[in-house]
Amino acid sequence: MTEEYRFHLAIGSRFENIELVQVVLRDCLERLGMEEDARQWVDLAVREALANAIKHGNEQNPSKQVHVDFVSEGGELLIRVEDEGTGFDPSHISDPLAPENILRPNGRGIHFMKSFMDGIQYSSGPRGGTTVTLRKKITGSRADFSE
Amino acid sequence: MDVSKRQVGDVNILDLKGKITIGSGDVQLRNAVQEVINSGATKVLINMAGVSTIDSSGIGELVSGYTTATNRGAKLKLFNLPSKVTDILTITQLITVFDVFDSEDEAVRSFD
C-alpha cells in the first residue's frame with residue numbers, strides 16, 4: 001500500500017517565512033523517499049509558488065496569510081499554495097523564453113514551476129485568492145512500495 | 001549569502017556563497033555587481049561555486065547585472081557553475097546569453 005502524508009500550514013506574507021515552509025517540505029520529501037535530485041527541484045518550485053503568493057497575491061501584506069497543503073496519494077505529491085489576494089489570470093503571463101523577454105529581470109517563476117514539476121494548475125481559492133497546485137510523481141526507494 | 005570581492009590583474013571577481021533567493025541574497029548580489037561596475041571595472045567575473053540555491057529572483061539579478069555591465073561597456077561572465085545552476089540557465093535559455101567557464105583561469109584568460 002502507498003503511504004499517505006497530509007500536512008497543512010499557514011504563514012504570514014514575509015519572504016523569510018519561505019524558509020519555514022522549506023523545513024516542513026524537506027521533511028515531507030524525505031519521509032516520502034523522494035530522490036535527492038527531485039527533492040531539489042520540488043524545493044525550488046515551491047519557493048517560486050510561495051514567492052508569487054507573498055509578492056503578487058498578498059502584496060507582502062504580513063496580515064494576509066499563505067496557506068500550504070502537502071498531500072501524497074497514489075504515488076504522487078500534491079502541493080497547494082493559496083494566497084488571500086484578488087485573483088490572477090495566468091494567461092496574461094508573457095513567455096520568458098521569447099527573445100524580447102529573455103533579458104527581463106523577472107517573469108520566470110511560473111516557467112520554473114512548469115519545468116521542475118510534473119504538473120501545475122491555477123484555480124481560484126475559497127478565500128478569493130489564487131491557488132496553485134503543483135504535482136510531482138514520487139520516485140525513490142521508499143515511494144515505489146505500492147505492491 | 002556572502003559576497004567577497006578580489007582582483008586578479010584587472011579582472012574583478014565576486015565569490016558568492018550561499019543562497020541567492022528572494023529576500024535573501026538577491027539584493028546583496030545586485031548591490032555587489034553595481035558597486036563593482038560603479039567603481040569603473042570593465043572585466044567582471046562571478047564565481048558561482050558556492051551557490052547552494054538560486055531561484056528566479058536570483059536569476060533575475062544575474063540578468064540585471066549582465067545588462068547593467070553591458071550598458072556600461074563592461075563584461076560580466078560566470079564560472080564554476082554548480083550543475084543545478086547550469087540546469088537552470090539551460091531551462092531559462094540564459095546559457096546562450098552568459099559567457100560561462102569551467103575554471104577561474106579559463107574565465108580570466110577569456111578577457112585577453
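The radius of gyration used here is taken over C-alpha atoms, and the rule for a globule is 2.2 Å times the number of residues to the power 0.38. For the 112 residues of chain B, that rule gives a compact globule a value near 13 Å, and because chain B itself has 13 Å, the two agree. The model behind these values is a predicted one.

Along the principal axes, its C-alpha trace spans about 30 × 25 × 25 Å. Buried residues make up 51% of the 112 in this chain, and, among contacts between residues at least 6 apart in sequence, 67% join residues at least 24 apart. The accessible surface of chain B amounts to about 4,900 Å², with 43% of it belonging to carbon and sulfur atoms, and the chain carries 11 positive and 14 negative side chains, the centres of these two sets lying 2 Å apart.

The interior comes next. In soluble globular proteins, nonpolar side chains tend to be buried together. Here the largest nonpolar core has 68 residues, and those with the most contacts inside it are Phe70(A), Ile79(A), Ile46(B) and Met48(B). Helix 2 of chain A, residues 36-57, supplies the largest share of this core, namely eleven residues. Apart from it lies another core, of eight residues, among them Ile13(B), Leu45(B), Phe79(B) and Phe101(B). As for Ile79(A), its contacts beyond four places in sequence include Leu25(A), Val42(A), Val46(A), Phe70(A), Met117(A) and Leu134(A).

Helix 3 of chain A, residues 109-116, shows how an element can be covered: six of its eight residues are buried, so the helix is largely enclosed by the rest of the structure. The buried residues are Gly109(A), Ile110(A), His111(A), Phe112(A), Met113(A) and Phe116(A). Within chain A they pack against helix 2, strand 4 (119-124) and strand 5 (130-137), and in chain B they pack against strand 3 (43-54), helix 2 and helix 3 (83-91).

A residue at the surface gives a contrasting view. Gly73(B) is found in the loop of chain B between helix 2 (56-71) and strand 4 (75-79). Its relative accessibility is 58%, and because a residue over 50% is called exposed, Gly73(B) counts as exposed. Although 33 residues separate Gly73(B) from Gly40(B) in sequence, their C-alpha atoms are 9.8 Å apart in space.

Methods
Residues numbered from 1 in each chain as written. Chains lettered and ligands numbered in written order. Predicted model: local features only at pLDDT ≥ 70, side-chain atom pairs only at ≥ 80, totals over all residues. Heavy atoms only, no water. Core = buried A, V, L, I, M, F, W, Y, C linked by side-chain atoms within 4.5 Å. Buried < 20%, exposed > 50% of the residue type's maximum accessible area, 1.4 Å probe, protein only. Helix = DSSP H or I, 4+ residues; strand = E, 2+ residues; numbered from the N terminus. Contact = heavy atoms within 4.5 Å. Areas by Shrake-Rupley, 256 points an atom, 1.4 Å probe, with all protein chains shown as cover. Lys, Arg positive; Asp, Glu negative; His and termini not counted. Charge placed at Lys NZ, Arg CZ, Asp CG, Glu CD.
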